[in-house]
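Please report on the structure shown here. Cover selected residues, the helix contacts, the ligand shell and the nonpolar core.

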Amino acid sequence: EALGPQEYTGLKMEVVQWSANAAPELDAKLQGKNVYFVAATLRPETMYGQTNCYVGPSINYGLFAINDKDVYLCTERAARNMAFQGVTSERGEVKKLASIAGSKLVGTRIKAPFGHYPEVYILPMDSVLPTKGTGVVTSVPSDSPDDYANLMELRKKAEYYKVDPQWVSYDPFPVITTPTYGDLTAETLCKQLKIQSPKDAKQLAEAKELAYKEGFYSGKMVTGQYKGEAVQDAKPKVRQDMIDAGLAFAYAE
Ligand code: A2H
């Protein structure tokens, strides 16, 4: 755990089509609004490699009016924090329009800003914490061992998790190359450490540590506007580009 405040990037992933389970509850309430899942990430430079986005199936989410037009889907805790960080039109004010269980959101189709795959699906991940970030985690299986292990688990047991095979069909997409692990760092590490499932917590913690160090200190971008540049240099530039394009905002906690 970090000691100081954690500076996330809040990525705005616009809803394209609600899942069959969410549509009856949400469609009518959100007529005429632009609705976004807000994913909290520490690795904005990896967003080219998004293949899906995770919610916690047993987490309760809210839909919060941010201004006249925009609605953000995240935990209530995150919405309150945002209201004190200049995100909402009225300081300290959050207006909840609806609430919904994470499990019902699975299968929703959303935009993935900067993504090689421009639209992706909401999928379940049991390890998403309600107490961290926004409770929404966009998935980059090329560079995040957690995201990779969970995607493989969902592919293996699609029926058990009630996910349509199409929702898990996007393959990891190379974003960063590292001298030790090649251009799919998370996949290489999960295989080397023999990670079989998202429940292999000890090996996953090790994989995360190794992936982060190698990616940040020795990684080079292999896609996007900063292709060929060091990850350390590209990271703040990609983040600023997303913010300037209105696709992301700073979120701290
Ligand atoms: B990261 P920290 Cl490519 N529950 O983004 C569980 N995990 C969460 C979360 C929550 N409520 N909110 C955010 N996260 C994830 C990209 C990424 C991330 C890559 C590689 C590593 C990585 C794509 N997923 O994180 O505890 C988010 O995933 C490794 C830790 O605040 C976020 O960044 O340090 C990171 O964990 C924040 O974790």
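In this predicted model, Y36 is buried because 24 C-beta neighbours lie inside 10 Å, and the cut-off for buried is 20 or more. Y36 sits in strand β2, which covers residues 34-41. V15 is 21 residues away from Y36 in sequence. In space, the two are 5.7 Å apart, C-alpha to C-alpha. V15 is also one of the residues that Y36 touches.

**Two residues with positive phi**

F114 has a positive phi of about 70°, yet it is not a glycine. The residue lies in the loop between β7 (109-111) and β8 (119-124). F114 counts as buried because it has 22 C-beta neighbours inside 10 Å.

K162 is not a glycine either, and its phi is positive at about 55°. Its place is the loop between α4 (145-156) and β10 (176-177).

Two packed helices are described by the distance between their axes and the angle between them. The table gives both values for two pairs.

| Helix pair | Axes come within | Crossing angle |
|---|---|---|
| α4 and α6 (residues 201-218) | 9 Å | roughly 130° |
| α4 and α5 (residues 185-192) | 8 Å | roughly 70° |

How do α4 and α6 lie to each other, and why? Their axes cross at roughly 130°, so α4 and α6 are oblique to each other. On the α4 side, the contact is made by P145, D146 and A149. On the α6 side, it is made by L204, A207, K208 and A211. Five of the contact residues of α4 with α6 are nonpolar, two are charged and none is polar.

The pair of α4 and α5 crosses at roughly 70°. The angle therefore makes α4 roughly perpendicular to α5. Here P145, D147, Y148 and A149 of α4 meet A186, E187, L189 and C190 of α5. The contact of α4 with α5 has six nonpolar residues, two charged ones and no polar ones. P145 and A149 of α4 take part in the contact with α6 and in the contact with α5.

**Ligand shell**

How many residues surround the ligand? There are 21, and the closest are T41, K132, G133, D143 and S144. The elements that give two or more residues to this shell are β2 and β9 (136-139). β9 gives the most, with three residues. By class, the shell holds nine polar, seven nonpolar and five charged residues.

**Nonpolar core**

The largest nonpolar core has 72 residues. Which members touch the most other members? They are F37 and L123. Strand β2 supplies the largest share of this core, six residues. Strand β2 is also the strand that holds Y36.

L123 is in contact with N52, Y54, V106, L154, V163, W167 and V168, leaving aside its neighbours within four places in sequence.

Conventions: Residues numbered from 1 in each chain as written. Predicted model: local features only at pLDDT ≥ 70, side-chain atom pairs only at ≥ 80, totals over all residues. Helix = DSSP H or I, 4+ residues; strand = E, 2+ residues; numbered from the N terminus. Buried ≥ 20, exposed ≤ 12 C-beta atoms within 10 Å, placed from the backbone. Contact = placed C-beta atoms within 7 Å. Axes fitted to C-alpha atoms, helices over the stretch in contact; angles between N-to-C directions. Parallel < 35°, antiparallel > 145°, perpendicular 65-115°, else oblique. Nonpolar A, V, L, I, M, F, W, Y, C, P; charged D, E, K, R; others polar. Near = placed C-beta within 6 Å. Core = buried A, V, L, I, M, F, W, Y, C linked by C-beta atoms within 7 Å.
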